[in-house]
Amino acid sequence: MTDLSGHDGAASQPARRVRLVDVAREAGLSKTTVSAALNGTGRLSDEVRQKARETARVMGYRPNATARQLRTGRARLIGYMVGELADTPWSFLESPYFARLTGATAATALKRGYAVVLLPAGSLQSEWAGLPLDAVVVADPVTDDPIVDDLLAARIPVFSDRSVEGRPGAYWVDVEAGPAVRAAMDHLLEQGARRPALVLPDSATRFHAGVLASYSDWCAAHGVAERIVIAADRGNGPVVRAVETALAGDGEGPGRGRPDALFVTAEASPPLVLEAARRQGYEVPGDLLLVCVSEDVTAEHTEPPVTTLSLRPEAVAEAGIELLVAVLEDGRRESAGVLVPTRLDVRASSVRHPQPAADPQAADPQAADPQAADPQAVLEPQSVPHPQTEWTSLPPT
């Protein structure tokens, strides 16, 4: 057993906390000057500011959080949870999307002087009521999420998706499913897809409900039979099985034969999706055009590289924290929200027909643009068809 007692047998005492006055005395400066230097305020020379900060660092000074909370009324703590994954707390960190969203939220908040506290989704009120939270971010809440009701009842500002729009004390940042789905489906259609299938997660979030509705509307508008397979659970295994089911088809007739394009909106590893297509006898992009909703960087390094629809978690996090600061520090009270455009990163997996050469007068298009002869080449789209979707064109790696 480790002996925690001192030499005389008495329990050791924690080291005395370094105070602001101690730093001032050591630096030979006034307490007011040191305070201004550490807070970035006041009219101080660079030399004085640097001396105060270096002295504080060497001595291990930390501001008194309790005193600051009493002075400002804020603890500068933000709770963070993922409502969709209430039944499996912390599993969201295994998702490339949520891992990037969480990391970007924490990093952006820290730059503004706030720390993020991870909370298990679906937690009992007793688990968070005792924490001095200034606000809580609820990413991807399910329909009628009770945790949102509990937080608002406790007068804690909630930052979530557009499902909370109009509720007092709630603010939102979101992406629009409709423009994102139309951009992906229009791209597949332009590349020759006539039997596109959709793989969707079994999810009650606003975004995925919007994906299903938008896909159905697109199919109806273009006279295309719907081909929808729902992944029974989250994770690579269930989603890959759903991909295999979609690719196998089921007999002949509208919506039952083998598809020629696949839009995977359930999160899965792009290399595993490609491998599933090959097991089903498909060549990508020759037999099958492929687009995945994914933030997984492996999509850029597969063969062929996989086209992805990015929900831009870093941009969502930055917009959310800016809105949070406006509410907590600038006194904004009215319900407000921000829409963040998605981004379609076109790669070789979804390109069967290269775009025409940039110069329509060229006698030899291939001579004017050597990439035109390469079926794997991806050229810049001629227009941005949907205002809430950004397009990028990426060459194969």
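**Chat about a predicted model**

Q: Is T205 buried or exposed?
A: T205 is buried, with a relative accessible area of 1%. Buried means under 20%, exposed over 50%, partly exposed in between (1.4 Å probe, protein chains only).

Q: Where does T205 lie?
A: In the loop between β6 and α9 (206–222). Helices (H or I, at least four residues) and strands (E, at least two) are DSSP runs, numbered from the N terminus.

Q: What does T205 contact, beyond four places in sequence?
A: E84, D140 and P141. Contact means heavy atoms within 4.5 Å.

Q: How should I read the numbering and the model?
A: Residues are numbered from 1 along each chain as its sequence is written, and side-chain values use heavy atoms, without hydrogens and water. The model is predicted: local features need pLDDT of at least 70, side-chain atom pairs count only at pLDDT 80 or more, and totals for chains, interfaces and linings use all residues.

Q: What is the average pLDDT?
A: It is 82, and 76% of the residues score at least 70. pLDDT is the predictor's confidence in each residue, from 0 to 100.

Q: Where does pLDDT stay under 50?
A: Over residues 357–387. Where pLDDT is low, the predicted coordinates should not be read in detail.

Q: New topic. Which residues of α10 are buried?
A: P238, V239, V240, A242, V243, A246 and L247. They pack against β6 (196–201), β7 (228–231), β8 (261–264) and α11 (270–279).

Q: What comes just after α10?
A: G249, with a positive phi of about 70 degrees.

Q: And where is A326 found?
A: In helix α12 (residues 313–328). A326 is buried too, with a relative accessible area of 15%.
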